[in-house]
Amino acid sequence: ANNLTVASDRRQEANVAAGAVGIGGKVGIGFGMAVNIVGGDSKALIGNDLSDAADTRTTLVNVTDLTLDAQRLENVNSHAFGAGISGGFGGAAMIDVTEFRGETRAAIHGKSNGVGGFRTSIRGMDGIGAASNVTLSAQEILDARQFALGIGVGAKVGVGVVANVVLGRSQVYSEVVGADIKAGLLDIDATSQRQSDLTSIAGAGGVVSAAVSIGVALFGQGDTTADDGTNAEDEFDPSRSAVNTVLQTDTASFNSHLSSEDIAAIEADSGSTIERTAAPANSTTTDVGKSLKISGESVTAARISGGVIDVDTLNVNSRALLHNNQLLGAAQVSAVGIAGVIGITRMYDMSIATVDSNLTADNVVVGATIENVSDEDAAGESKSVIVGLGGVSVVVNYVDIRAENRVVAGVTAASGSDTGDLIVTAADTTELRIGDVDPGRPDSATDGSLNVNLGSAAISVSYGYVKKDSQVDAWL
């Protein structure tokens, strides 16, 4: 064939509104809940089913241009609102929860044929020469916009509580596993754009009142051992042990300037014994490779595992774009009252770009990044507005954003001419912003925040915490 395209396109949208108003002479209660679970897979595949040991099919694709394109769009607009009004007790509780699951995968999968070759091969139209272009692309766009409003008003007691929660546990994979590919260009791309905007507002009024807004955004779980028992630290690449050997044991061979104290420090850190005379390995045995699957985490991965790759130019790129924004508000008016907001954001995203194959190429570019979705919109943002009015008024503002992302880019071994480029990059350029969510340094400590507390006895507590503790590795 001249051109062959294998495509999968999954589009999911949920527009949900839930609300309730309770009005009573003595008691009035309003309760609303919206729960959205968005799952399913989008896969564009060629070759063997790696999970089926009995699959021994042989796939030979003779083509000029081959494209595998898997896409997934998930869009959620969810609203929960309500009120409780009474001459005695008025209460309102609103809960809005969304969870994203599933995977997007574009892949060429093969197995050993038992005689030194592979069951899945890509060639040019003549079945012998190279195909011109082989492109694998996996893309996910995730967008959650949630609004929760609760107001409780009572002549005696008023309570308003809202909770907004979004959980991101989807994966994007673009991979070649255990295949024999000969082409001019092999381009493997995995891209994800994950965004959430949460607005949580609570209000209360009465002789005694309380208004509390809670927002939680969690992407990934932060546990490298996923629900299916796999371990992300082991699965970044099947040659990880060989790579660690290079990083640890062969360090002294490549760096003769290291002192005995330096070597002792490396040994203590790695647990390996380093011999200065050790000969560094210049190749690895990859066999048929292994498909990557890390369930329950937020993953973007582009990779080659096993097989034989003979191309002029190889591009392997993984790119994750993030934006999680929270706006929290609480207001109370009473003789005795409390108004508070709690905003928690956790990001444990993984971006992986690895090549572990019998690779021949003149130009190799491998890159993994995690980035802000744009210069204006940071990966993590949170802003709050609190108002407390009354006799005894307590205002509490708690906002906590943490990112522990994992970025890995690497090439185990490659052969080719000395005229092309070999480039490996890994980066986490995300930003976290509290209060003033505009780009750049805040002009003052109060930019972007509004906390008003007036009363005969007014107590205000404000706590903001930001931590970025990512692991970034690039290796050859």
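A search of the whole structure, which is a predicted model, turns up two aromatic pairs. For this count, rings of Phe, Tyr and Trp (its six-membered ring) pair if their centres lie within 6.5 Å; planes under 30 degrees apart count as stacked, over 60 as edge-to-face and the rest as tilted. Tyr398 and Tyr463 make a stacked pair, with 5.1 Å from centre to centre and 10° between the planes. Tyr398 sits in strand β16 (residues 380-403) and Tyr463 in strand β20 (residues 450-468), so this pair ties together parts that are 65 residues apart in sequence. The rings of Tyr463 and Tyr465 are stacked as well, because their centres are 6.4 Å apart and their planes are at 0°. Put together, Tyr398, Tyr463 and Tyr465 form one aromatic cluster.

| Residue | Relative accessible area | Class |
|---|---|---|
| Tyr398 | 28% | partly exposed |
| Tyr463 | 38% | partly exposed |
| Tyr465 | 28% | partly exposed |
| Ile85 | 39% | partly exposed |
| Thr104 | 0% | buried |
| Ser200 | 0% | buried |
| Ser393 | 0% | buried |

A word on the ground rules. Residues are numbered from 1 along each chain as its sequence is written, and side-chain values use heavy atoms, with hydrogens and water left out. Since the model is predicted, local features need pLDDT of at least 70 and side-chain atom pairs count only at pLDDT 80 or more, while totals for chains, interfaces and linings use all residues.

Zooming out, the protein has four helices and 21 strands. Those are DSSP runs numbered from the N terminus (helices are H or I with at least four residues, strands E with at least two). Buried residues account for 50% of the 476 residues. Take the contacts (heavy atoms within 4.5 Å) between residues at least 6 apart in sequence: 84% of them join residues at least 24 apart. The accessible surface comes to about 19600 Å², and carbon and sulfur atoms hold 53% of that. Such areas come from the Shrake-Rupley method with a 1.4 Å probe, and for residues only the protein chains shown count as cover.

Part of that surface is a nonpolar patch made of Val21, Ile23, Ile85, Ile151 and Val153, with about 450 Å² of accessible area together. Strands β1 (3-24) and β9 (131-154) are the elements that give two or more residues to the patch. Ile85 belongs to strand β5 (residues 65-86).

The C-alpha atoms of Asn77 and Val16 are 6.3 Å apart, although 61 residues separate them along the chain. Beyond four places in sequence, Asn77 is in contact with Glu13, Ala14, Asn15, Val16 and Arg145.

Thr104 is in strand β7 (residues 103-109). Its contacts beyond four places in sequence include Ser42, Ala70, Arg72, Gln139 and Tyr173. Ser200 is part of strand β12 (residues 180-219), and its C-alpha lies 6.9 Å from that of Ala163, 37 residues away along the chain. Among the residues that Ser200 contacts beyond four places in sequence are Ala148, Val162, Ile214 and Leu328.

Finally, confidence. The average pLDDT (the predictor's confidence in each residue, from 0 to 100) is 85, and 87% of the residues score at least 70. Over residues 224-230 the pLDDT is below 50, and this stretch has 16 contacts in the model beyond near neighbours in sequence. Residues 279-286 also stay under 50, with 15 contacts beyond four places in sequence. Where pLDDT is low, the predicted coordinates should not be read in detail.

Definitions and conventions
Buried < 20%, exposed > 50% of the residue type's maximum accessible area, 1.4 Å probe, protein only. Patch = residues over 30% accessible without salt bridge, like charges linked within 9 Å, V, L, I, M, F, W, Y side chains within 5 Å. Salt bridge = Lys/Arg side-chain N within 4 Å of Asp/Glu carboxyl O.
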